[in-house]
Amino acid sequence: MPNTQELQDLVFQVRRDILRMVHKVSSGHPGGSLGCTEFLVTLYNEIMDLKDGFDMDGIGEDLFFLSNGHISPVFYSVLARRGYFPVEELNTFRLIDSRLQGHPTTHEGLPGVRVASGSLGQGMSVAIGAALAKKLNGDDHLVFSLHGDGELQEGQNWEAIMYAAGNKVDNLIATVDRNGQQIDGPTEKVLPLGDVSEKFKVFGWDVLEIENGNDLEQVIAGLNEAKSRTGKGKPVCVVMTTEMGNGVDFMMHTHAWHGKAPSDEQLATALAQNPETLGDY
């Protein structure tokens, strides 16, 4: 397992990857990607039990499903830096015929991607299905998923949340990125979500919170705690507070960078705040 400094170095490099990918094609979603960098770096390099290589079945290893697929830049960077495909392929983000489309898809055969995502609200159902398949296969590994808080405004989530609790899908850890922002503004102005933790509890889930999802030590501790609560008859929800655009001062505390690319000058400013640690692609 890497130490905290190694993980922090990877966080800096992933942020640079995100910014450079989105800038090159003047398209993409940097805000949520930056906000979830610590989470995905930790998940893939510290928390999940992964096999060497990749196959679609994922038997004998933990699985991850990205429900809010628009934050594909951080997903692609973390997968590449973990060795699923060449880091240089990040150069092809959102280009015609690239395997790295704006939302992850499966028909290009990109290692690490097991489901197309980006139609919000569907990832919970997919993750539950995979978790139940593991139970049927006698596979005691876990299924992890990530969801945006604005995404919870989609009703299908709550059908799935009820189903998971009702069927004791206790090998599932679903994390909600509680950054309080969505494409049209703050979630509390677009459609208030109320107490997300309490909602999941009332629906029958075991819930824990990570107060600062941009602090590596808190993320590591929180996800390890979540793992310790699996197998006890309830699905586990992690409500993780993050800052959209974290690590780039002018992208933070606003929804404006949900889906906007930086200019040349803005890219230079952003990169200056995130040192190159592992080598740019």
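I take buried to mean under 20% relative accessible area, exposed over 50%, and partly exposed in between, with a 1.4 Å probe and protein chains only. I looked up S98 on that scale: at 6% relative accessibility, S98 counts as buried.

**Basis of the entries**

I note that the model is predicted, that local features need pLDDT of at least 70 and side-chain atom pairs pLDDT 80 or more, and that totals for chains, interfaces and linings use all residues. Residues are numbered from 1 along each chain as its sequence is written, and side-chain values use heavy atoms, with hydrogens and water left out.

**Entry: the loop between α4 and α5**

I located S98 in the loop between α4 (72-82) and α5 (123-136); helices (H or I, at least four residues) and strands (E, at least two) are DSSP runs, numbered from the N terminus. Not counting residues up to four places away in sequence, S98 touches T92, F93 and E108, where contact means heavy atoms within 4.5 Å. I also recorded a C-alpha separation of 9.7 Å between S98 and L110, which lie 12 residues apart along the chain.

I then checked backbone angles in this loop. R94, in the loop between α4 and α5, has a phi near 65°, a positive value in a residue other than glycine. R94 counts as partly exposed, because its relative accessibility is 26%. D97 belongs to the loop between α4 and α5 as well, and its phi, near 70°, is a positive value in a residue other than glycine. D97 is exposed, with a relative accessible area of 74%.

**Entry: helix α3 and its cover**

I counted 11 of the 11 residues of α3 as buried, so the helix is mostly covered. Among the buried residues are T37, F39, L40, Y44 and I47.

**Entry: α3 against α1**

I found helix α1 (residues 4-25) packed on helix α3 (residues 37-47) at an angle of about 125°, with the axes 10 Å apart. Axes are lines fitted to C-alpha atoms, for helices over the stretch in contact, and angles run from 0 to 180 degrees between N-to-C directions. The two helices are therefore oblique to each other; angles under 35 degrees count as roughly parallel, over 145 as roughly antiparallel, 65 to 115 as roughly perpendicular and the rest as oblique. The crossing of α1 and α3 is right-handed, that is, the near helix is turned clockwise from the far one by less than a right angle.

From α1, the residues L7, L10, V11, V14, R15 and I18 meet T37, E38, V41, N45 and E46 of α3. By class, I recorded six nonpolar, two polar and three charged residues in this contact. Ala, Val, Leu, Ile, Met, Phe, Trp, Tyr, Cys and Pro count as nonpolar, Asp, Glu, Lys and Arg as charged, and the others, Gly among them, as polar.

**Entry: α3 against α9**

I found that the axes of α3 and helix α9 (residues 216-228) come within 10 Å and cross at roughly 55°. That angle makes α3 oblique to α9, and the crossing is right-handed. On the α3 side the contact has E38, F39, T42, L43, E46 and I47, which meet L216, V219, I220, L223, N224 and K227 in α9. I classed the residues of this contact as seven nonpolar, two polar and three charged.

**Entry: H23**

I found H23 in helix α1. At 19% relative accessibility, H23 counts as buried. Leaving aside neighbours within four places in sequence, H23 is in contact with A261, P262, S263, D264 and L267.
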